[in-house]
Every structure is written in C-alpha cells, then in structure tokens.
Amino acid sequence: MSSLPRILVMTTGGTIASALDSSGRSLSGALPGDALLANVALPEALRARVDVVSVLQKPSNAISRADLVALHQRCLDAMADPGVQGIVITHGTDTLEDTAFFLDLTLPSHKPVVVTGSQRPPHQAGTDAFINLADAIRVAADEQARGLGTLVVFNQSLFAARQVRKVSTYQLDGFAAPAAGPVGRVDGENVHLVQRPVDHQVFELPLQAQLPRVDIVPAYLDASPALLECAIDNGAAGIVIDALGRGHVPPDWMPAVRDASSQGLPVLVTSSCLSGPLHQSYEFSGSLVDLCQAGALPVSGIGARKARIALSILLASDTPLAATLDALAR
C-alpha cells in the first residue's frame with residue numbers, strides 16, 4: 001500500500017453501481033465498490049492511493065435517515081485517520097443532493113468529501129459512471145478542495161452541496177446549481193476553482209443520533225390543507241412548507257399552521273422557485289406575513305428538501321432554530 005495519503009472511496013449503490021438484470025433493466029446498487037473501481041481510468045500514482053469499501057448496496061430511493069447517520073459516522077472515522085486525505089462517496093442520483101447536504105452540515109471541512117454518481121449505468125453505452133468517479137477522486141486528492149465543505153462532482157463540474165440539485169432525469173449534465181453556478185470544473189487531470197462556497201456552521205450530532213421525521217408539504221393552486229393536517233396529526237417532528245413565490249400558501253392552510261405552532265411543532269417555509277429569497281412583500285391571508293405571525297419560520301436560499309434535512313439535524317442536535325436558520329439562509 002502506498003505511504004502517501006489515501007483517498008477512501010465509499011460506495012452506497014445507485015445507478016453508478018448498477019448491473020444489467022435479466023429483465024433487460026438496470027439493477028441498481030448491484031456492483032460492489034471494487035468492481036466499480038476496477039474500470040476507472042486513473043494515473044497509476046493516484047490509483048495506488050485509492051482504497052474502496054462498499055458501505056451500502058441500495059438504489060438511492062431506499063436511503064434512510066438511519067443510513068445517513070451511519071454514513072456520517074463512517075466519514076468521521078475516516079477523517080480521524082491521518083493517512084486519509086479525502087473521501088469520495090458514490091451515490092444514486094435521486095437523493096444524492098439530500099445526502100451531500102446532510103454531510104455538508106455535519107462534517108468538518110478540513111478533509112475533502114466529494115459525492116458523485118452517474119446518469120447512465122456502467123453497462124450502458126456512453127456511461128458517465130467511470131469518468132465521474134475518476135473526476136471525484138481527482139478532486140478529493142486536490143489540496144484546493146480542503147475547506148470547501150462537501151462537494152458534488154458531476155459531468156466535469158464541481159458544485160457546493162448547499163446549492164446543487166438534480167435538474168435532469170437522464171442527461172449527463174444532470175446536476176446544476178441554478179442560483180449560483182458551479183464552484184469549479186475538472187479538465188482532464190486539472191481541477192479549477194472559480195468560486196468558494198459561503199462558510200456555514202457545522203452541527204455536531206450526538207452519538208447514536210436519530211434524525212427526527214420532518215415532512216414536506218407542497219403548496220399549489222387551490223391545494224387542500226389535508227396533507228398538512230395529516231403530517232401534523234401523524235408523528236412529524238417538523239414541517240417544511242414548499243410555498244409559492246415569495247412564501248405563500250392557500251388561505252385555508254392558516255388554521256393548520258396555527259395549530260402546528262400551538263403544539264410547538266416547528267414549521268419552516270421555503271419557496272418552490274429555483275432562485276430568489278422569501279420576502280414579506282404582501283398583506284393577505286396565506287402570505288408570508290401571515291405565516292410568520294402564525295409562528296412559521298422562513299428559510300431562503302435552500303429548497304424544501306434541504307430545509308427538511310437541516311431541520312432534522314437541528315432537532316437531533318437540540319439546536320435553537322431561529323438564529324441558526326437565519327445563518328443557513330445566507
């Protein structure tokens with residue numbers, strides 16, 4: 001084994017680890033990590049520094065909150081090893097942005113953590129599996145990646161975990177950061193940074209933490225409050241409203257929001273728009289003004305899925321919400 005600092009690749013399944021099933025479809029998560037890495041083209045000096053371990057063998061729709069906590073601990077253990085320079089995590093694309101953001105909020109940034117996946121499985125013509133993994137390893141081995149938080153590498157681009165989202169169901173440029181753009185790119189053997197992610201607070205999870213269930217309720221034209229009421233009445237520890245525009249919901253949602261607040265249930269409000277902050281611009285029933293007066297907390301700069309992850313972490317770490325959410329919204 002090389003005496004140089006190592007890059008640890010943790011595989012969790014997904015399209016990038018798929019094999020062809022007898023049905024002619026892809027069996028997600030079938031390939032173990034060593035089988036995946038065997039087909040990745042890397043310079044021998046870098047390949048000698050790469051270790052691989054299969055952590056999960058799942059399609060990413062099956063990733064659970066317990067899996068996130070277990071992966072977090074595996075990353076902490078690896079970061080504590082002085083021989084490990086950086087970590088690469090392969091992941092299915094459906095929930096890749098959720099996992100990346102969770103790790104971004106809970107891991108120190110002194111060693112790079114890079115998450116990647118693929119849109120096309122390894123057995124398909126024109127697969128992006130091996131190039132994405134090779135690029136992720138290059139980034140994790142690059143000193144420029146230190147201190148940037150968790151990164152997502154996809155289609156030769158680097159994205160901050162806070163800003164990235166899946167934007168295509170099948171195209172190779174399946175990830176983007178619509179509001180901010182990429183933080184860098186990979187060009188062959190070279191990694192180029194074009195901007196640095198904004199620093200943010202990292203939250204320490206208690207040992208054997210359990211992430212509470214937080215539900216997302218989408219607002220849309222004439223949406224019934226029934227889903228919101230159901231989430232409140234059936235065990236959610238918190239609610240994220242994926243609101244309209246600047247932060248609005250149908251007027252008949254307001255009694256349920258007030259009910260949640262009266263029970264001490266945190267309710268966050270995000271916007272379903274791709275960019276732009278929430279703002280108390282309007283005075284009408286169901287406006288952001290109305291929601292805030294009812295006890296809801298607005299969160300700008302991140303979408304509902306990321307707000308859900310953040311709220312679950314804050315509840316698990318017993319962190320005061322209001323001031324922390326203001327910092328997250330920077």
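**Exercise 1.** In which helix does aspartate 233 lie? Then decide how open to the surface this residue is, keeping in mind that the model is predicted.

*Solution.* Start with the location: aspartate 233 belongs to helix H6, which covers residues 226-233. Next, take the relative accessibility of aspartate 233, which is 57%. Exposed means over 50%, so aspartate 233 counts as exposed. Finally, look at the neighbourhood: Asp233 gathers with Asp222, Glu229, Asp252 and Asp259 in a surface patch of negative charge.

**Exercise 2.** Work out whether helix H4 (residues 96-106) is enclosed or open.

*Solution.* Go through the helix residue by residue. Among the buried ones in H4 are Leu96, Phe101, Phe102 and Leu103, and also the charged-type side chains Glu97, Asp98 and Asp104. The tally is eleven buried residues of eleven, so the rest of the structure largely encloses H4.

**Exercise 3.** Classify the aromatic pairs of the model, two in number.

*Solution.* Begin with phenylalanine 154 and phenylalanine 175: their ring centres are 4.7 Å apart and their planes meet at 50 degrees, so this pair is tilted. Phenylalanine 154 sits in strand S7 and phenylalanine 175 in strand S10, 21 residues apart, so to speak a link between distant parts of the chain. Now check burial: phenylalanine 154 has a relative accessible area of 1% and is buried, and phenylalanine 175, at 4%, counts as buried too.

Move on to tyrosine 282 and phenylalanine 284. With centres 5.8 Å apart and planes at 35 degrees, this pair is tilted. Tyrosine 282 is partly exposed at 43% relative accessibility, and phenylalanine 284 is partly exposed at 37%.

Technical notes. Residues are numbered from 1 along each chain as its sequence is written. This is a predicted model: local features need pLDDT of at least 70, side-chain atom pairs count only at pLDDT 80 or more; totals for chains, interfaces and linings use all residues. Side-chain values use heavy atoms; hydrogens and water are left out. Patches are made of residues with over 30% relative accessible area and no salt bridge: like charges are joined within 9 Å, nonpolar side chains (Val, Leu, Ile, Met, Phe, Trp, Tyr) within 5 Å. Accessible areas come from the Shrake-Rupley method with a 1.4 Å probe; for residues, only the protein chains shown count as cover. A salt bridge is a side-chain nitrogen of Lys or Arg within 4 Å of a carboxyl oxygen of Asp or Glu. The place of a charge is taken as NZ of Lys, CZ of Arg, CG of Asp or CD of Glu. Helices (H or I, at least four residues) and strands (E, at least two) are DSSP runs, numbered from the N terminus. Buried means under 20% relative accessible area, exposed over 50%, partly exposed in between (1.4 Å probe, protein chains only). Rings of Phe, Tyr and Trp (its six-membered ring) pair if their centres lie within 6.5 Å; planes under 30 degrees apart count as stacked, over 60 as edge-to-face and the rest as tilted.
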